[in-house]
Amino acid sequence: MRAGTARLRTALRTPLRRGFATSPRCLDKYGFIGLGQMGYQMARNLQSKLPPTDSISIYDINKDAVQNLKAEMEGAQVGGAKVSLADSAAEASSEADTIITVLPEPQHVKSVYETILSALANTPKKDRLFIDCSTIDPQTSRAVASSVTSASQGAFVDAPMSGGVVGATAGTLTFMLGAPTALVPRAEPTLLRMGRRLLHCGDQGAGLAAKLANNYLLALNNLATAEAMNLGVRCGLDPAVLASVLNVSTGKCWPSEINNPVPGVIEGAPAGRDYAGGFGIALMKKDLGLAVVAAKEAGAKLELADKATEVYANAAADERCKGRDFSVVYRYIGGKE
Ligand code: NAD
């Protein structure tokens, strides 16, 4: 990975477009695969910000998601690219110049790209740009990137994101892009139609390395904050007083300041609504597992990973915590609510 800071690109920059704005022909063709909690909203934002001369072909194994999204896109009052339904991931990709994938786990990304590349094997080679926004491990991502290059079907870059469903819906996501510098201007306009910030982290795989390092730190900060809050409260402190001390002291972190795990300490935090919404504990468990895989591959020692993994796995399976925001680990460790 190159030295220096990730280059920040924001939606304030005018997205680059190719072709001529006055031309009536279809300019850019997009494929979008994976219309779950994140992908559905991202595809909606992308389509609505593209001109009617562009087109987007959408696909998910969940037929209802595809139908609903098409209806929503076509029912929108203003503009937007022409929408078509694809019957497979390969069909969504075949005509497209840019294909976005937003899939759950490494095995889904691997199998979707295998399907696409085998279907495209006997078609003319095309300089497509595949942008994978899924959170997977860098090793799988690199293997998929190399299969795309070997098949001469274009280039594959990783652009995992942060901002959650709220950011996906509002179009304010932050993308961590792993791509050769030459491909950044090609990926940028597409990503900035679905998000507000683009951080170019380095070559292919670097976006995922950054995402997993960040989420590893977040997992530990969250658990440490829950433990520290529980310690202080059980020593007799008012949780709001303790939080106000932490948040002007060296213990301050995102879980202490924004997403405090003790109900009532931070207005609007998931803890105050029985840990509903927010970043699901199962997703944190998954990202922690991916960070461990990436660390093994890179030879990085993670002394705290085993214990944290055990806590998140147990909490994610605990009926009192299942399906809730990851700050619910406070409840799991017996914190007073
Ligand atoms: P999700 O499970 O809601 O959506 C995934 C979608 O992929 C589903 O609609 C599913 O039907 C579809 N899918 C699965 N296999 C497929 C296949 N073979 N072909 C086509 N479609 C297929 O997941 P999500 O919450 O949208 O997350 C997507 C990715 O983004 C994950 O890697 C996740 O870790 C990451 N992420 C999620 C959040 C979040 O808050 N939800 C935040 C940041 C990053």
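## A walk from helix H8 into the cores

H8 passes H11 in a left-handed crossing. This is a predicted model, and that crossing is a handy place to start exploring it. H8 covers residues 206-234, and H11 covers residues 281-298. Their axes come within 9 Å and cross at roughly 120°. That angle makes H8 oblique to H11. So who does the touching? On the H8 side, the contact is made by Lys211, Leu212, Asn215, Tyr216, Leu218 and Ala219. Facing them from H11 are Met284, Asp287, Leu288, Leu290, Ala291 and Ala294. Sort these residues by class and you get 9 nonpolar, 1 polar and 2 charged.

Let's zoom in on one of those H8 residues, Asn215. Asn215 sits in helix H8 and is buried, with a relative accessible area of 4%. If you skip residues up to four places away in sequence, Asn215 touches Phe279, Met284 and Asp287.

H8 has another partner to visit. Helix H9, residues 239-246, has an axis that comes within 9 Å of the axis of H8, and the two cross at roughly 130°. H8 and H9 are therefore oblique to each other. This crossing is right-handed, whereas the one between H8 and H11 is left-handed. Here H8 brings Ala228, Met229, Gly232 and Val233 to the contact, while H9 brings Pro239, Leu242, Ala243 and Leu246. By class, that gives 7 nonpolar residues, 1 polar and no charged.

Met229 and Val233 turn up again around Tyr330. You'll find Tyr330 in helix H13, residues 329-332. At 0% relative accessibility, Tyr330 counts as buried. What surrounds Tyr330, once its neighbours within four places in sequence are left aside? From H8 (residues 206-234) there are Ala226, Met229, Asn230 and Val233, and the list of contacts goes on with Pro261, Val262, Pro263, Tyr275, Gly335, Lys336 and Glu337.

Now for the nonpolar cores. In soluble globular proteins, nonpolar side chains tend to be buried together. In this model, the largest nonpolar core has 38 residues. Phe32, Met42, Cys133, Phe175 and Leu191 are the ones with the most contacts inside that core.

Apart from its neighbours within four places in sequence, Leu191 is in contact with Ile131, Cys133, Ala159, Phe175, Leu177 and Leu198. Cys133 and Phe175 are, like Leu191, on the list of residues with the most contacts inside the core. Apart from this core lies another one, of 34 residues, among them Met229, Val262, Ala271 and Ala294.

Next, hop over to Ile99, found in strand S5, residues 98-101. Ile99 is buried, with a relative accessible area of 0%. Ile99 and Phe130 are 31 residues apart along the chain, yet their C-alpha atoms are separated by 4.8 Å. With its neighbours within four places in sequence set aside, Ile99 is in contact with Gly31, Ile33, Ser93, Arg128, Leu129, Phe130 and Ile131.

Finally, two loop residues are worth a stop. Ser152 is in the loop between helix H5 (138-150) and S7, and Asp274 lies in the loop between helix H10 (254-257) and H11. Phi of Ser152 is near 55°, a positive value in a residue other than glycine. Asp274 also has a positive phi, of about 55°, although it is not a glycine.

Key:
Residues are numbered from 1 along each chain as its sequence is written. This is a predicted model: local features need pLDDT of at least 70, side-chain atom pairs count only at pLDDT 80 or more; totals for chains, interfaces and linings use all residues. Side-chain values use heavy atoms; hydrogens and water are left out. Axes are lines fitted to C-alpha atoms, for helices over the stretch in contact, and angles run from 0 to 180 degrees between N-to-C directions. Helices (H or I, at least four residues) and strands (E, at least two) are DSSP runs, numbered from the N terminus. Angles under 35 degrees count as roughly parallel, over 145 as roughly antiparallel, 65 to 115 as roughly perpendicular and the rest as oblique. A crossing is left-handed if the near helix is turned anticlockwise from the far one by less than a right angle, and right-handed if clockwise. Contact means heavy atoms within 4.5 Å. Ala, Val, Leu, Ile, Met, Phe, Trp, Tyr, Cys and Pro count as nonpolar, Asp, Glu, Lys and Arg as charged, and the others, Gly among them, as polar. A nonpolar core is a set of buried Ala, Val, Leu, Ile, Met, Phe, Trp, Tyr and Cys residues joined through side-chain atoms within 4.5 Å. Buried means under 20% relative accessible area, exposed over 50%, partly exposed in between (1.4 Å probe, protein chains only).
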